[in-house]
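Trainee: I am new to this structure and would like to learn how its features are read, one at a time. Could we go through it together?

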Amino acid sequence: MDAVLNEDEAAAYVGGICFKTGPPRRVGVELEWLIRDRSAPSRAVPAGRLEKALAPLWSRGLPGGSRLTREPGGQLEVSSPPGETLAECVATTAADLTVLRNRVRHCGALLYGRGLDPYLSPPRVLEDPRYRAMEAHFDRSGPWGRMMMRATAAVQVSVDAGDDSDGTTGYRHRWRLAHRLGPVLVAAFANSPLWRSRPTGWVSTRQSVWARADPGRTSPPRTHSDPRESWARYALDAELLCLRRDPPAEWTAPPSLSFREWLRGAHRERPPTRDDLDYHLGTLFPPVRPRGWLELRMIDAQCGDGWIAATAVAATLLDDPKAAEAAWSATEVLERDTAVWERAARDGPADPLLGRAVRECVAAAESALSRQDHGGLIHNSVLEFAERYSERGRCPAHDQLEAMRG
């Protein structure tokens, strides 16, 4: 039986497992996709038709080792295995994505890369007790949680946390740099300006929705000199999203009960265990989430193969020494700007400070990739993104807005 925790043990455990140290090297990516009718992207695809096409992939998996899962609103997610290099990650993911695209195409559907469904308000298609409890929790504070669960999609890039040094490869520095870069990545790759076929006033409505759904679990933690201490405090102070029980009991958690309060005995049903804490950590959704590595969750899903540029820029700005130095300098002015995440989602690169940081960061990533593999797929993807978007003060959301205006 899993041992019951006290508060000090829980804090030490969180800090220990969420920042595993070692030389930064590996890269992984998770790609979420909306699913649309191939002949009319404003139409959904019947679940039965899609399920039949994907049946072999559920049982066998994707050939490169990527995992295929379904999100609550029917979105599909491809989670790559960690690559020893950025190039390995991109090659594996691209090959597995080709297999998935072919399967989806055979049933008259397509993988639709948008950060927020611009047309529909999809129903929840998963009946797991986890998702019923999530909706019950989010519904207490408005519609944002349902939108987040059912209608959003992202590119999530994972990199090693870093080593235990105090230098640029150390996890403390990388944690700060990842949070500095977060608003820049939101602005650069914003791709969700529409909801129910109308402009929302935000270039990344997805980021706005996530920020409002439950700030105690979706906003960045307060900065602290010790990321382990900062994250442990954040995790324990977050409210329970669900409380697992034996069937047929529902998993709905008591309102406003934090994990810390549960540890202190505020909930009498049963005391929490380490397994409960592990589960709770998986229900926290800040823009940068430490899971032993750093998971960057703030980038909107991209059209077509735009995910390659998003993955490459994020990973290169953290892992390449020269690019990381340039990114640190470019984002210094943003670190203590309390409104920068909101402006990134609303204005994108049109914001003067963010626009400059986007240009400098994307240019630094492109320069680093040019040194590594000039003219290769990854370098060309970032170069084309820079020429089309960041150098012109645009982001992918502007394509949608311009198409809507004809």
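Mentor: Let us begin with serine 197, whose place is in the loop between E6 and E7, where helices (H or I, at least four residues) and strands (E, at least two) are DSSP runs numbered from the N terminus. Please keep in mind that this is a predicted model, in which local features need pLDDT of at least 70 and side-chain atom pairs count only at pLDDT 80 or more, while totals for chains, interfaces and linings use all residues. Residues are numbered from 1 along each chain as its sequence is written, and side-chain values use heavy atoms, with hydrogens and water left out.

Trainee: What is the phi of serine 197?

Mentor: Serine 197 has a positive phi of about 70 degrees although it is not a glycine. Arginine 196, which is placed in the loop between strand E6 (194–195) and strand E7 (198–199), likewise is a residue other than glycine with a positive phi, near 55 degrees.

Trainee: Is arginine 196 buried or exposed?

Mentor: The general idea is that buried means under 20% relative accessible area, exposed over 50%, and partly exposed in between, using a 1.4 Å probe and protein chains only. Arginine 196 has a relative accessible area of 52% and is therefore exposed, whereas serine 197, at 40%, is partly exposed.

Trainee: Where is threonine 283, and which residues does it touch?

Mentor: Threonine 283 sits in the loop between helix H11 (274–281) and strand E8 (288–290), and it is buried because its relative accessible area is 2%. Contact means heavy atoms within 4.5 Å, and, not counting residues up to four places away in sequence, threonine 283 touches Arg130, Arg217 and Leu241. Among these, Arg130 is also one of the buried residues of helix H4 (residues 129–139), and what covers the buried residues of H4 includes helix H5 (144–151), helix H7 (205–213), helix H8 (215–218) and H11.

Trainee: Which residues of H2 are buried, and what do they pack against?

Mentor: In general, an α-helix has 3.6 residues a turn, so residues three or four places apart point the same way. In H2, the buried residues are Leu50, Ala53, Leu54, Pro56 and Leu57, and they pack against E1, strand E2 (67–70), strand E3 (76–79) and helix H3 (86–106).

Trainee: Where does the kink in H2 lie?

Mentor: A bend at a residue is the angle between axes fitted to the seven residues ending there and the seven starting there. In H2 a kink of about 50 degrees lies at leucine 54, shortly before proline 56. After H2 comes glycine 61, with a positive phi near 80 degrees.

Trainee: At what angle do the axes of H12 and H13 cross?

Mentor: Axes are lines fitted to C-alpha atoms, for helices over the stretch in contact, and angles run from 0 to 180 degrees between N-to-C directions. The axes of helix H12 (residues 306–319) and helix H13 (residues 321–330) cross at roughly 95 degrees and come within 5 Å. That makes H12 roughly perpendicular to H13, given that angles under 35 degrees count as roughly parallel, over 145 as roughly antiparallel, 65 to 115 as roughly perpendicular and the rest as oblique.

Trainee: Which residues of H12 and H13 meet?

Mentor: Thr316, Leu317, Leu318 and Asp319 in H12 meet Pro321, Ala323, Ala324 and Ala327 in H13.
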